Amino acid sequence: MDERSNFIFPRGRYYGEFKPENVVFNANLQEFTQRVNYICNLETSGKISPQEAYDAIKALWKQLRQSKRELNIGDPSSS
């Protein structure tokens, strides 16, 4: 990533149990939080309506939940 991308989309280190699926989910979770932050800022500044913000965040949540399922995160039978 170039310097501008690192500024706009900062990534934190992962400190949990190192498994590829955990690292991927952590990256997805960080992207989710960044996007929710942008949506909240757009709504707060009046650029989008509260309903648009809600719908966008709900769609992002569904994507994150699907990612969790696909990676079998938190599934006791996958251990």
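Before the packing, a word on axes: these are lines fitted to C-alpha atoms, for helices over the stretch in contact, and the angles between N-to-C directions run from 0 to 180 degrees. Helices here are DSSP runs of H or I with at least four residues, strands are runs of E with at least two, and both are numbered from the N terminus.

What you see is a predicted model, in which local features need pLDDT of at least 70 and side-chain atom pairs count only at pLDDT 80 or more, while totals for chains, interfaces and linings use all residues. Numbering starts from 1 along each chain as its sequence is written, and side-chain values use heavy atoms, with hydrogens and water left out.

The overall layout first. The protein chain has 3 helices and 0 strands, in the order α-α-α along the sequence. Of its 79 residues, 16% are buried, where buried means under 20% relative accessible area, exposed means over 50%, and partly exposed is in between, with a 1.4 Å probe and protein chains only. A contact means heavy atoms within 4.5 Å. Among contacts with a separation of 6 or more, 52% join residues 24 or more positions apart.

Now helix H2, residues 20–44. H2 has 25 residues and spans 36 Å from first C-alpha to last, close to the expected 36 Å; that expectation is 1.5 Å times one less than the number of residues. The buried residues of H2 include Phe25, Phe32, Val36 and Ile39. After H2 comes glycine 46, with a positive phi near 85°.

How do the axes of H2 and H3 cross? Helix H3 covers residues 50–71, and the two axes come within 10 Å and cross at roughly 180°. H2 and H3 are therefore roughly antiparallel; that label applies over 145 degrees, with under 35 roughly parallel, 65 to 115 roughly perpendicular and the rest oblique. On the H2 side the contact residues include Phe25, Leu29, Phe32, Val36 and Ile39, and on the H3 side Ile57, Leu60, Trp61 and Leu64 are among them. The contact residues divide into 15 nonpolar, 2 polar and 4 charged. In that count, Ala, Val, Leu, Ile, Met, Phe, Trp, Tyr, Cys and Pro are nonpolar, Asp, Glu, Lys and Arg are charged, and the others, Gly among them, are polar.

Leucine 29 sits in H2 and is partly exposed, at 34% relative accessible area. Its C-alpha lies 9.5 Å from that of lysine 68, which is 39 residues away along the chain.

On to charge pairs. There are 2 salt bridges in the structure, each being a side-chain nitrogen of Lys or Arg within 4 Å of a carboxyl oxygen of Asp or Glu. One joins lysine 19 and glutamate 21 at 3.8 Å, N to O. Lysine 19 is partly exposed at 28%, and glutamate 21 is partly exposed at 27%. The other pairs glutamate 31 with arginine 35, with the closest N and O atoms 3.0 Å apart. Why are glutamate 31 and arginine 35 separated by about one helical turn? Because they are 4 residues apart in helix H2.

Last, asparagine 72, in the segment after H3. Most residues other than glycine have a negative phi. Asparagine 72 is not a glycine, yet its phi is positive, about 55°. It is partly exposed, at 40% relative accessibility.
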